[in-house]
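Work through the exercises below with the model open beside you. Try each task before you read its solution.

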Amino acid sequence: MKILHHPDRADIHLSSVLYALSDPIRLFILSELRQHQEKSCGDFDVPVAKSTFSHHTRTLREAGVVNVRSHGTQRLVSIRTDDLEFRFPGLLTAILDAYENSDEKQQMLQGLQQS
């Protein structure tokens, strides 16, 4: 299986993290991970194709926001909370708290219910 690159803690840059968090699908993925700690890629209910979901997880992984590990045939995704908190204290919590209370999340959930 392909070895996935994860940046070292010191190589996580604010601009990359903010870019990765600028997409509504990626924010939704992080919101789900915040609730479940770790999820298999196949367990996410997102309104995009598998290849698009893979693109989003790769963007998050390469920015240093999530960790993706292989377990048998599954890929498990989790937030790199400790690394992000060390590099940018309070950033992830502030962004996810704002997202949880936003119309954007409600619209995403309504879209999922309709499909």
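**Exercise 1. A partner across the sheet**

Which residue in E3 is the bridge partner of Glu 38?

Solution. The model is a predicted one.
- Step 1: Find strand E3, residues 74-79.
- Step 2: Find strand E1, residues 38-40.
- Step 3: These two strands run antiparallel and are joined by 3 bridges.
- Step 4: Look across from Glu 38; its bridge partner in E3 is Ser 78.

**Exercise 2. The order of the strands**

Work out in what order the strands lie in the sheet, and which strands form its edges.

Solution. 
- Step 1: Start from the pair E1 and E3, which has 3 bridges.
- Step 2: The 3 strands form an open sheet in the order E1-E3-E2, with antiparallel pairing.
- Step 3: Name the edges. They are E1 and E2 (66-71), each of which pairs on one side only.
- Step 4: Neighbouring strands are turned by 25° against each other on average, direction ignored.

**Exercise 3. Two positive phi values**

Find a glycine with a positive phi in the hairpin turn, then a residue other than glycine with a positive phi.

Solution. 
- Step 1: Go to the hairpin formed by E2 and E3, which has 2 residues between the strands. Gly 72 sits in this turn, and its phi is about 65°.
- Step 2: Recall the general rule. Most residues other than glycine have a negative phi.
- Step 3: Look for a departure from it. Gln 37 has a positive phi, near 70°, and is not a glycine.
- Step 4: Gln 37 lies in the loop between helix H2 (24-36) and E1.
- Step 5: Is Gln 37 buried or exposed? Its relative accessible area is 57%. The cut-off for exposed is over 50%, so Gln 37 is exposed.

**Exercise 4. Charged pairs**

The structure holds 6 salt bridges. Describe three of them, with the setting of each partner.

Solution. 
- Step 1: Side chains of opposite charge can pair when their charged atoms come close.
- Step 2: Take Asp 83 and Arg 9. Their side chains meet in a salt bridge at 2.8 Å, N to O. The two residues are 74 apart in the chain: Asp 83 is in helix H4 (residues 81-87), and Arg 9 is in the segment before helix H1 (14-20). Asp 83 is buried at 17% relative accessible area, whereas Arg 9 is partly exposed at 31%.
- Step 3: Take Lys 39 and Glu 32, whose side chains meet at 3.1 Å, N to O. Buried means under 20%. Lys 39 has 11%, so this residue is buried. Glu 32 has 14% and is buried too.
- Step 4: Take Arg 69 and Glu 38. The closest N and O atoms of this salt bridge are 3.0 Å apart. Arg 69 is in strand E2 and Glu 38 in strand E1, 31 residues apart. Arg 69 is partly exposed at 35%, and Glu 38 is partly exposed at 31%.
- Step 5: Which residues do salt bridges with shared partners join into one network? They are Arg 9, Arg 80 and Asp 83.

Technical notes. Residues numbered from 1 in each chain as written. Predicted model: local features only at pLDDT ≥ 70, side-chain atom pairs only at ≥ 80, totals over all residues. Heavy atoms only, no water. Pairing = 2+ DSSP bridges. Helix = DSSP H or I, 4+ residues; strand = E, 2+ residues; numbered from the N terminus. Axes fitted to C-alpha atoms, helices over the stretch in contact; angles between N-to-C directions. Buried < 20%, exposed > 50% of the residue type's maximum accessible area, 1.4 Å probe, protein only. Salt bridge = Lys/Arg side-chain N within 4 Å of Asp/Glu carboxyl O.
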